[in-house]
Structures are given as C-alpha cells and as structure tokens.
Amino acid sequence: MTRITTATASLVDLEVETVRTDATQSFVKQETILVRITTDDGLTGTGYSYTIGTGGRSVIALLRESLLPLLIGSDSRDIERLWRLAHNVTHATTVGAITSLALAAIDTALWDIRCLRADQPLWQVAGGYNNAVPVYDTENGWLHLSTDDLVAGAVAAQERGWGGTKIKVGKPTGQEDVERLRAVRDAVGRGFDIMVDANQALTGAEAIRRAAAFSDLDLFWFEEPLPADDVSGHVRLAQSTSIPVAVGESMYSIGQFRDYLQRGAASVIQTDAARIGGITPWLKVAHMAEAFNVDVCPHFLMELHVSLVAAVPNGRYVEYIPQLRAVTNDEITIVDGHAHAPNTPGLGIDWNHDALDDRRVV
Ligand code: MG
C-alpha cells in the first residue's frame with residue numbers, strides 16, 4: 001500500500017545570506033513553507049516552497065485548513081489527481097501566489113516520495129537529460145552594489161569558470177545602468193554571458209529605450225523589463241530589440257506561459273517551481289517551451305532546480321543564489337562551471353531537520 005497517513009506543514013524563517021536588492025523590492029527573509037507527507041509503506045517526503053518575506057502564514061493556513069486534510073487516505077502515486085483535487089478546492093482563489101505556493105509544497109513532497117519509492121534521483125525520474133548544467137551568478141549583481149563590486153563579482157565568476165553573471169538594472173537613469181554594465185563588459189570581455197534584470201520596474205517605452213541603449217553590450221537576456229501582466233508590452237519590446245526577453249518568476253499558471261510563448265513575448269522562460277505550483281506544472285511549462293524552441297532557466301531555488309534543469313533537454317542555466325545552507329547538510333556541487341544534480345534518491349536536498357526545527361516559527 002502507498003496510502004498517505006499524515007501530512008503536516010510548518011513555516012521556517014531563514015535569514016538572507018546577503019543583502020539582496022533590486023529595482024522594486026528587497027529579499028527580507030526566506031519564509032520556507034515545508035510540507036512533510038508520510039505513507040503507510042514507511043516513506044516520508046519533504047516538499048517546500050517559499051516567500052521572500054511576506055505571506056508565508058497565509059500559505060500555512062491554506063494548507064492546514066483546506067488542503068492537507070484532502071490528502072489523507074489517498075494513493076501518494078496519484079500526483080496529477082491530487083494536484084487537480086487541491087487546485088479545484090481552492091479554485092475561487094486561483095490563479096494566485098498563495099495557492100500556487102501551497103500546491104508546490106504538497107507537489108514537491110509527493111515527488112520526493114515518488115523518487116524515494118523508485119530509489120532514483122529527481123533528475124532522472126523527471127526526465128533524465130544531463131545531470132551537469134551550466135551555472136550563472138546572481139549573488140554579486142544586486143542593485144545597491146557599486147560598479148567596482150559588480151566588476152569584482154563578475155571577474156570572480158569568470159575566473160571560477162562559470163558561464164555568466166546577472167546584473168540588476170533599473171537605476172533612475174538609463175545612463176547609469178549603461179555605465180555599470182559597460183564596466184562589467186570591459187572587465188570580462190566577450191564570451192562571458194551578462195544577463196540584466198529590471199524586476200518589472202520599467203514602462204514599456206522606457207524598456208524599449210534602455211534595450212536600445214544596451215544594444216552594443218552583447219547581453220544574454222533582458223529579464224522582467226515590465227510588469228508581468230503586460231504581455232502586449234513584452235511583445236512590443238521583443239519586436240524592438242535583438243536582446244532576448246526573459247520572464248517567468250512572477251507567473252503562477254501554465255496558461256500565463258502559454259500566452260507569452262504564443263505571442264512571441266519572451267524567448268527565455270524562468271519558471272519557478274514554487275510559484276508555478278510544483279514540479280508537475282514546472283515540467284509542463286518546460287515541455288511547452290521546448291515545443292516553441294525556447295530554453296528554460298528557472299528563477300532561484302537552485303537546490304531544487306538543478307535537478308529539473310538536468311531533467312529536460314531545453315534546460316540552459318541554473319541561477320546561483322545560495323539560501324539553504326543553514327538548514328541542509330551539504331551544498332550544491334559545482335565543477336568547471338556546471339552544477340551537478342544530486343544522484344541520491346529523492347529531491348536531492350539533505351535537510352538538517354534539527355536546524356529547521358530551531359528556526360520554525362509556525
Ligand atoms: Mg529576476
């Protein structure tokens with residue numbers, strides 16, 4: 001038997017490992033939503049999602065009051081059915097971040113059990129393409145950092161053999177962004193990827209103007225230039241520039257990705273497994289993107305996403321932002337600029353449950 005016997009949720013606050021700012025927000029703390037599911041054949045799966053500072057308690061309430069009780073007695077292998085069941089129960093509050101984060105915590109716990117039962121790692125159970133995936137750095141590109149800091153961070157990433165670095169943009173003037181980016185490009189030369197990210201801070205007109213000002217910097221992508229619900233603005237921007245437009249971290253359903261891909265509004269997809277509702281919808285978006293000949297470079301959560309990028313043929317990059325080191329027993333392995341998806345059965349995240357308990361707030 002594989003019936004679910006218990007399902008619990010907890011909230012664990014993690015301090016940010018470094019100050020992280022962008023053009024619209026700061027990463028205050030990681031509210032980590034943990035779900036643990038056990039089955040009557042003795043398996044326990046741990047799933048998780050997160051916020052960057054607010055809303056975590058709302059997710060926990062939704063899980064405890066409405067979603068986790070639904071799971072008891074169900075076959076843990078029926079992940080699609082259980083995902084749809086939980087989605088339909090909360091239908092009046094979808095599409096939305098709170099619901100998606102709750103679904104993701106359940107879904108990732110069920111995938112953990114699926115992989116444990118198969119005695120295989122996630123990257124193979126989810127597809128099995130190539131367990132070594134290129135890494136780019138975000139941790140040294142925050143908006144508050146000086147130009148000297150940006151240059152030093154980019155050079156360090158290049159010297160480590162990593163493929164690229166992401167620099168936040170959205171300074172009050174485009175000229176300031178250009179000067180910061182030009183200093184980085186001059187330091188690293190060609191052949192090293194520079195991504196830029198405006199975190200939705202620009203108007204359509206300003207994004208087109210800045211993309212033109214960035215045109216000789218050989219940028220790898222222009223991320224979240226506009227508010228995520230402005231699909232038409234992204235279409236106009238994409239038609240105006242040769243810089244690939246990247247979106248996805250602020251999208252919460254597979255249908256939103258369909259709209260962007262159908263309309264040619266983005267050419268890099270950054271699906272976040274927590275915000276899309278788990279591994280189940282993440283894989284659907286990745287496969288849909290493959291049909292549009294578009295690569296997937298997921299947002300944040302590198303400890304989980306390394307295995308998903310390794311699972312699919314159109315996984316291009318993993319984003320380096322370490323945030324679980326205080327509550328895990330090992331770190332992600334990076335060799336020659338490539339992160340290696342864990343080969344241990346399950347999601348591949350070796351949680352330190354004592355450290356989690358110490359930081360538990362709800
Ligand atoms: Mg971003």
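The magnesium ion is coordinated by Asp197 through OD and by Glu223 and Glu249 through OE, at 2.0 to 2.2 Å, where donors are N, O and S atoms within 2.8 Å of the metal (3.2 Å for Na, K and Ca) and, since water is not among the atoms, sites may look incomplete. Along the chain these donors follow the spacing D-x25-E-x25-E. Asp197 lies in strand E6 (residues 193-197) and Glu249 in the loop between strand E8 (245-247) and helix H9 (254-262), so this pair ties together parts that are 52 residues apart in sequence; helices (H or I, at least four residues) and strands (E, at least two) are DSSP runs, numbered from the N terminus.

The model is predicted, so that local features need pLDDT of at least 70 and side-chain atom pairs count only at pLDDT 80 or more, while totals for chains, interfaces and linings use all residues. Residues are numbered from 1 along each chain as its sequence is written, and side-chain values use heavy atoms, with hydrogens and water left out.

The domain assignment of the protein chain gives domain 1 (4-119 + 352-359) and domain 2 (124-340), with bounds that come from an automatic or database domain assignment. The C-alpha centres of the two domains lie 24 Å apart, and 38 residues of domain 1 are in contact with 42 residues of domain 2, contact meaning heavy atoms within 4.5 Å. Between them, domain 1 and domain 2 bury about 3100 Å², 61% of it on carbon and sulfur atoms; buried area is the accessible area (1.4 Å probe) that two parts lose on being put together, summed over both. Glu17, Tyr48 and Tyr50 supply 20% of the area that domain 1 buries against domain 2, more than any other three residues.

Glu17 also takes part in a salt bridge with Arg325, in which the closest N and O atoms are 2.6 Å apart, a salt bridge being a side-chain nitrogen of Lys or Arg within 4 Å of a carboxyl oxygen of Asp or Glu. Between domain 1 and domain 2 the count is 3 salt bridges, and the structure as a whole holds 19. Another salt bridge joins Arg20 and Glu139, with the closest N and O atoms 2.7 Å apart. This pair links distant parts of the chain, 119 residues apart, with Arg20 in the loop between E1 and strand E2 (29-39) and Glu139 in the loop between strand E4 (132-137) and helix H5 (147-159).
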